[in-house]
Amino acid sequence: MKYRLFASSYTGGKPGDGIYALEFDGEQLRCRDVCAELVNPSYIQPDGDRLFAVEETENGAAMAVFETEKGLALQARYETPGSGMCHVTRCGACLYGSSYAGGSITGIRWENGELCSFRQHEGQGPNAQRQEGPHAHSAQPSPDGQHLFVADLGTDRLYQYDIASGGELFPHEAQPWIQVPPGRGPRHFAFHPNGRWLYLVAELENSLLVYSYEPHESVLRPAGEYSLRGGNCPPEALAADVHLTGTGDFLYASVRGSDRIFGFQVKGDGGELEPAGNWPSFGRGPRSFDLSPDGRFLAIANQDSGSLALCSRNAASGAVDRLVAELSLPQVCCVKWEPSAGA
């Protein structure tokens with residue numbers, strides 16, 4: 001059984017080895033191809049035989065498209081409005097990039113780079129150092145693909161936009177945003193596979209917020225909160241990423257500082273979580289992680305230690321069992337399994 005996955009790293013502000021095509025056979029992890037043409041590709045998203053990426057630079061922003069059938073072939077690079085772009089997601093013919101430094105969301109057509117939308121956020125939060133202004137951190141479409149949700153760390157808001165036929169974004173009239181408790185700093189989020197629940201990682205307070213989702217109205221309602229502060233969590237710890245298994249029976253979140261992966265068993269239809277434990281990330285600074293499509297493994301991008309760790313997972317208990325393979329990748333910040341990988 002062979003798996004393909006991709007990882008990306010910061011490149012020190014200049015073009016360099018930043019995106020990696022990797023192969024894993026269940027025991028050994030190998031690098032098959034490297035792209036050295038982008039600057040600080042801080043986030044990547046595989047999609048079929050393509051891979052989308054962003055460049056995170058202070059004075060501008062760019063999105064790139066790769067063909068991945070045989071390796072990593074850069075097809076296009078598009079300069080866009082925004083700055084400090086740190087996340088990209090696809091919805092139909094458009095890519096939407098979240099600009100952390102610029103506090104904005106930018107939409108382009110991935111086939112030709114044509115700008116289809118630009119939305120500038122405004123406001124601030126109570127944390128003077130991290131919330132002095134808007135900081136869009138991630139975006140994802142609603143389960144039906146009709147709306148785009150955007151987590152803004154600086155304003156403590158989860159914005160919602162309607163996606164027009166041409167890709168333009170318009171504030172959703174029924175709920176243009178939902179206000180997160182002050183000072184939490186929303187970062188990444190995930191929908192339950194049944195589309196009825198959204199789970200949001202709050203970076204600054206190390207918590208996991210649960211919202212019920214009403215698809216007919218496209219409205220979120222607060223439904224619970226869980227701590228991510230176990231495992232001798234230091235004051236400077238920062239929560240980062242969140243993912244669910246494909247069946248929606250377990251949820252995981254990463255925390256930098258304590259360098260732990262937290263697991264929860266999802267109860268009922270998804271509205272209640274039961275802590276299942278927390279385990280080491282086998283490195284420092286687990287900024288990003290991802291579950292293999294068959295749920296057997298976790299890949300963890302430990303940015304501070306410059307290591308990509310692959311761990312086995314117990315399907316019955318949800319436990320992250322052991323380190324299976326490891327690869328040194330300086331400043332690795334994002335990892336994604338190829339969606340169709342595995343048997």
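Which residues line the largest cavity? I opened my notebook with that one.

**Entry 1: the cavity**

I am working with a predicted model. I searched the whole structure for cavities of 30 Å³ or more and found 1. The largest cavity holds about 50 Å³ of space. Its lining is made up of Ser42, Tyr43, Cys86, His137, Arg187, His188, Arg287, Ser288, Cys333 and Cys334. I noted that β17, β25 and β29 are the elements that give two or more residues to this lining. Sorted by class, the lining of the largest cavity has 4 nonpolar, 4 polar and 2 charged residues. A reminder to myself on the method: rolling a probe the size of a water molecule over the atoms shows where empty space is left.

**Entry 2: the pocket**

Next I looked up the largest pocket, where I read a volume of about 1,100 Å³. I counted 36 residues in the lining of the largest pocket. Which of them lie nearest its centre? They are Gln45, Gln140, His243, Asp290 and Lys336. I then listed the strands that each supply at least two lining residues: β4 (43–47), β8, β12 (136–141), β17 (186–191), β21 (238–244), β25 (286–291) and β29 (332–337). By class, I found 14 nonpolar, 13 polar and 9 charged residues in the lining of the largest pocket.

Gln129 belongs to the loop between β11 and β12. Is Gln129 buried or exposed? I read a relative accessibility of 74% for Gln129, so it counts as exposed.

I moved on to β23 (residues 260–267). Of its 8 residues, 6 are buried, so I can describe this strand as largely enclosed by the rest of the structure.

On one pairing, 6 bridges join β23 to β22 (residues 250–256), and the two run antiparallel.

How many bridges join β23 to β24 (residues 272–280)? I counted 8, again with the strands antiparallel. In this pairing, Gln265 stands opposite Glu274 in β24. These two strands also form a hairpin, this time with 4 residues between them, and Gly268 in the turn shows a positive phi of about 60°.

**Entry 3: positive phi without glycine**

I then checked positive phi values in residues other than glycine. Asn40 has a positive phi of about 45° although it is not a glycine. I located Asn40 in the loop between β3 (29–35) and β4. Its relative accessible area is 10%, under the 20% limit, so Asn40 is buried.

Phe282 is another such residue, with a positive phi near 60°. I found Phe282 in the loop between β24 and β25. At 28% relative accessibility, Phe282 counts as partly exposed.

**Entry 4: two more residues**

Where does Glu338 sit? I found Glu338 in the segment after β29. Glu338 counts as buried because its relative accessibility is 12%. I also looked for a partner of its side chain, and a polar contact of 2.6 Å joins the side chains of Glu338 and Arg4.

Last, I looked up Trp197, which lies in β18 (residues 197–202). Trp197 is buried, with 12% relative accessible area. I checked Trp197 against Leu251: they are 54 residues apart along the chain, and 12 Å separates their C-alpha atoms.

Technical notes
Residues are numbered from 1 along each chain as its sequence is written. This is a predicted model: local features need pLDDT of at least 70, side-chain atom pairs count only at pLDDT 80 or more; totals for chains, interfaces and linings use all residues. Side-chain values use heavy atoms; hydrogens and water are left out. On a 1 Å grid over the protein atoms alone, a cavity is a set of points where a 1.4 Å probe fits but cannot get out, and a pocket is an open set with protein on both sides within 12 Å along at least five of seven lines; lining residues have an atom within 4 Å of a point. Grid points are joined across faces, edges and corners, and a volume is the space filled by probe spheres set on the points. Ala, Val, Leu, Ile, Met, Phe, Trp, Tyr, Cys and Pro count as nonpolar, Asp, Glu, Lys and Arg as charged, and the others, Gly among them, as polar. Buried means under 20% relative accessible area, exposed over 50%, partly exposed in between (1.4 Å probe, protein chains only). A polar contact is a pair of N or O atoms within 3.5 Å; within protein, one must be able to donate a hydrogen and the other to accept it, and residues adjacent in sequence count only if both atoms are side-chain atoms. Two strands pair if DSSP finds at least two bridges between them.
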